[in-house]
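Please keep the sequence and the structure in view while reading.

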Amino acid sequence: MISVPEEKIKAIGDVLNDQTRPLKERFRALFTLKNIGGKTSIHCINKCFDDPSALLKHELAYCLGQMQDADALPFLLNVLDDKSQEDIVRHEAAEAIGAIGTLENSKIKEILVKYKDDPVVEVAETCQLALQRMEWFKLNASENVSPFNSVDPTPPSTTTDVTQLRRVLLDDRETLFERYRAMFALRNIKSEESILALCEGLNSGGSLFRHEVAFVLGQLAES
C-alpha cells in the first residue's frame, strides 16, 4: 500500500465522485485509489456506487476485488444484494467477493449461495465461480495473483498442453470453472497458438464467458 496523506486521498475521491467530470478523469481517479489502497480509498470508491454509470460501477467493484482488502467486503456484499443495481455491477461485485473472501466467513457463503441460482444468468454463474474459487484455494496452497498482476476468478489449469487446454476452453459440456482455468492457462502461456485458441473462445459459451475471454485478450495486448 502506498503512503499518501488522507486529505490527498479524499481529494482524489472527490474527483471520482464528481459527476460533472469527464469519465476518463474519474476512471484515472478510481485506479489511483486502487493503487493507493487502504480504508479511505475503499470508502471513496464505495461512495460512488450510487452513480448512474453502470460501466463506472462495474469498475468500482472490479477495483475493490483487485485490492484484496477484507474491509471492502461489506460494501461488495451490499452491492450484490441490491437488485436495483445493474446486472453487470452485481456480477462484478460477486466476482470481487470471490477474489477477497473465504468460506470461513459465513456471511459471504450465505449471500453467494443465495444468488447462485439468480434469474440473471451472469450473476448466478459468477456466484457459482466465486464459491468454487474459495473452495479450491481452501484445499490448495497456490499463488493468488497471476503473472499479469491480476486476481483472477479461477486459478489457471496446471497443464501446458495447448491442444488439451483449447479442447476444455471450447467444450460447452465442461464446467465453467474448468473452462476458466483453461482460459487463464492459455493466457499465461502467451504463445501464438494459445492466443488463437483464446480468440476462438469469443464465439463460444455464454456472455459471461465471452466477456472474460475478451478481458484476457486485452491483458495480453497482442495484435
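Buried area is the accessible area, taken with a 1.4 Å probe, that two parts lose on being put together, summed over both. In this predicted model, domain 1 and domain 2 bury about 840 Å² between them, and 66% of that area falls on carbon and sulfur atoms.

- The domain assignment divides the chain into domain 1, covering residues 6–139, and domain 2, covering residues 162–222.
- Eleven residues from domain 1 and nine residues from domain 2 take part in the contact.
- Between the C-alpha centres of domain 1 and domain 2 the distance is 24 Å.

**Polar and charged links across the interface**

- Between domain 1 and domain 2 the count of salt bridges is zero.
- One residue pair is found in polar contact across the interface of domain 1 and domain 2, with both residues at pLDDT 80 or more.

**The side of domain 1 that touches domain 2**

- The elements that contribute two or more residues to this side of domain 1 are α4 (54–67), α6 (87–100) and α8 (121–139).
- Helix α8 supplies the largest share of the side of domain 1 that touches domain 2, namely seven residues.
- By residue class, the side of domain 1 that touches domain 2 consists of three nonpolar, four polar and four charged residues.

- In the model, the span of residues 72–110 is 72% helix and 0% strand, and its end C-alpha atoms lie 17 Å apart.

**Salt bridges in the whole structure**

- When the whole structure is searched, 15 salt bridges are found.
- One of the salt bridges pairs aspartate 51 with arginine 26, where the closest N and O atoms are 2.5 Å apart.
- Because aspartate 51 lies in the loop between α3 (39–46) and α4, whereas arginine 26 belongs to helix α2 (residues 23–36), the pair ties together parts that are 25 residues apart in sequence.

Technical notes. Residues are numbered from 1 along each chain as its sequence is written. This is a predicted model: local features need pLDDT of at least 70, side-chain atom pairs count only at pLDDT 80 or more; totals for chains, interfaces and linings use all residues. Side-chain values use heavy atoms; hydrogens and water are left out. Domain bounds come from an automatic or database domain assignment. Contact means heavy atoms within 4.5 Å. A salt bridge is a side-chain nitrogen of Lys or Arg within 4 Å of a carboxyl oxygen of Asp or Glu. A polar contact is a pair of N or O atoms within 3.5 Å; within protein, one must be able to donate a hydrogen and the other to accept it, and residues adjacent in sequence count only if both atoms are side-chain atoms. Helices (H or I, at least four residues) and strands (E, at least two) are DSSP runs, numbered from the N terminus. Ala, Val, Leu, Ile, Met, Phe, Trp, Tyr, Cys and Pro count as nonpolar, Asp, Glu, Lys and Arg as charged, and the others, Gly among them, as polar.
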